[in-house]
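Student: I am new to this structure and would like to go through its salt bridges with you. Could we look at it together, one pair at a time?

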Amino acid sequence: MTPDDTGTAASVKTRIEYLEELGDELVRRGFRVRINVPRGQAPSLHVMNPDASVLTENILAERGADGWWYWWSWGEHITAAGDTPGAADRIARVLSAD
């Protein structure tokens, strides 16, 4: 718990927690994931389709003025971070071997 703008305690998720939550959802769907924490850079979630290992993507979680968002590595929004199933749906479609 950390103080929010009103001085009261509020639960705040970190980018790692958002990436872990998304990773758990993608693992349930059969994807392989790992969190990358490179020195001096933002953490990302590396996602791989195990049926086609060339189909991979690094997903970011970033906080903006309008809340937390999942982002593709090329800088496009996926979904608001509060919509983990929706983000997993979009990622699964992009990384589909079909």
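Tutor: A salt bridge here is a side-chain nitrogen of Lys or Arg within 4 Å of a carboxyl oxygen of Asp or Glu. The model is predicted, so local features need pLDDT of at least 70 and side-chain atom pairs count only at pLDDT 80 or more, while totals for chains, interfaces and linings use all residues. Residues are numbered from 1 along each chain as its sequence is written, and side-chain values use heavy atoms, with hydrogens and water left out.

Student: Which residue meets Arg-90 in a salt bridge?

Tutor: The side chains that meet here have their N and O 3.9 Å apart. Arg-90 lies in helix H2, and its partner sits in the loop between strand S6 (67-71) and strand S7 (77-80), 14 residues apart; helices (H or I, at least four residues) and strands (E, at least two) are DSSP runs numbered from the N terminus. The partner is Glu-76.

Student: Is Arg-90 buried, partly exposed or exposed?

Tutor: Buried means under 20% relative accessible area, exposed over 50%, and partly exposed in between, with a 1.4 Å probe and protein chains only. Arg-90 has a relative accessible area of 27%, so the class is partly exposed.

Student: How many residues apart in sequence are the parts that Arg-15 and Glu-62 tie together?

Tutor: Arg-15 forms a salt bridge with Glu-62, with the closest N and O atoms 2.9 Å apart. Because Arg-15 lies in helix H1 (residues 15-28) and Glu-62 in strand S5 (residues 56-64), the separation of the parts is 47 residues.
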